Amino acid sequence: QYAPRPVIVCGDFNDTPKSRTVTLMKERFIDSWEISGAGPGFSFPADTPKQRIDYVFLSKNTVQHQKAFLMLRPVSARVLQTDASDHLPVLVELELNTSN
């Protein structure tokens with residue numbers, strides 16, 4: 001309903017990439033880690049990360065999806081090391097295409 005404006009949904013989903021929740025999210029959103037991340041993307045628990053349960057999703061109408069370049073594109077994704085929380089932060093760098 002917000003098209004053509006980009007929608008970003010991010011946070012702790014408490015579910016792994018193959019879970020029902022994430023599968024449903026991927027019907028309408030792109031998992032930015034799958035586009036621009038390297039490795040498993042584990043962010044929990046912070047002291048010994050073993051799970052990927054934190055996500056940055058972009059609405060499909062905003063990313064390079066099936067060779068159609070649109071408004072936002074994830075160019076890098078990484079997990080940052082810190083002891084500020086029980087989760088490690090996931091940082092995604094986005095590129096804005098202003099020529100649309």
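Visitor: Which residue forms a salt bridge with lysine 26?

Guide: This is a predicted model, and in it the closest N and O atoms of the pair lie 2.6 Å apart, while a salt bridge asks for a side-chain nitrogen of Lys or Arg within 4 Å of a carboxyl oxygen of Asp or Glu. Lysine 26 is partly exposed, with a relative accessible area of 28%. The residue that forms the salt bridge with lysine 26 is glutamate 34.

Visitor: Is glutamate 34 buried, partly exposed or exposed?

Guide: Buried means under 20% relative accessible area and exposed means over 50%, with partly exposed in between. The relative accessible area of glutamate 34 is 49%, so glutamate 34 counts as partly exposed.

Visitor: Where in the chain do arginine 52 and aspartate 31 lie?

Guide: Arginine 52 forms a salt bridge with aspartate 31, and their closest N and O atoms are 2.6 Å apart. The pair links distant parts of the chain, 21 residues apart. Both arginine 52 and aspartate 31 are buried. As for their places, arginine 52 is in the loop between helix 2 (32-36) and strand 3 (54-59), and aspartate 31 is in strand 2 (residues 29-31).

Visitor: Which strands does the salt bridge between glutamate 95 and arginine 73 link?

Guide: In this salt bridge the closest N and O atoms of glutamate 95 and arginine 73 are 2.8 Å apart, and the two residues, 22 residues apart, belong to distant parts of the chain. Glutamate 95 is partly exposed at 34% relative accessibility, and arginine 73 is partly exposed at 23%. Glutamate 95 lies in residues 90-96 and arginine 73 in residues 72-79, which are strand 5 and strand 4.

Visitor: How many salt bridges does a search of the whole structure find?

Guide: Side chains of opposite charge can pair when their charged atoms come close. A search of the whole structure for such salt bridges gives a count of three.

Visitor: In what order do the elements of the chain run?

Guide: The secondary structure of the chain comes to two helices and five strands. Read from the N terminus on, these elements follow the order β-α-β-α-β-β-β.

Visitor: Which residues are joined by a cis peptide bond?

Guide: Most residues other than glycine have a negative phi, and most peptide bonds are trans. Here, however, a cis peptide bond occurs with omega at about -10 degrees, and its proline lies in the loop between helix 2 and strand 3. The residues joined by this bond are phenylalanine 44 and proline 45.

Visitor: What is the phi of asparagine 14?

Guide: Asparagine 14 lies in the loop between strand 1 (8-12) and helix 1 (20-28), and asparagine 14 is exposed, with a relative accessible area of 55%. Although asparagine 14 is not a glycine, its phi is positive, at about 50 degrees.

Visitor: Which residues is lysine 50 in contact with, leaving aside its neighbours within four places in sequence?

Guide: Lysine 50 lies in the loop between helix 2 and strand 3, and at 59% relative accessibility lysine 50 counts as exposed. The C-alpha atoms of lysine 50 and proline 40, which are 10 residues apart along the chain, are separated by 9.0 Å. Once the neighbours within four places in sequence are left aside, the residues in contact with lysine 50 are Phe42, Phe44 and Pro45.

Note on methods
Residues numbered from 1 in each chain as written. Predicted model: local features only at pLDDT ≥ 70, side-chain atom pairs only at ≥ 80, totals over all residues. Heavy atoms only, no water. Buried < 20%, exposed > 50% of the residue type's maximum accessible area, 1.4 Å probe, protein only. Helix = DSSP H or I, 4+ residues; strand = E, 2+ residues; numbered from the N terminus. Contact = heavy atoms within 4.5 Å.
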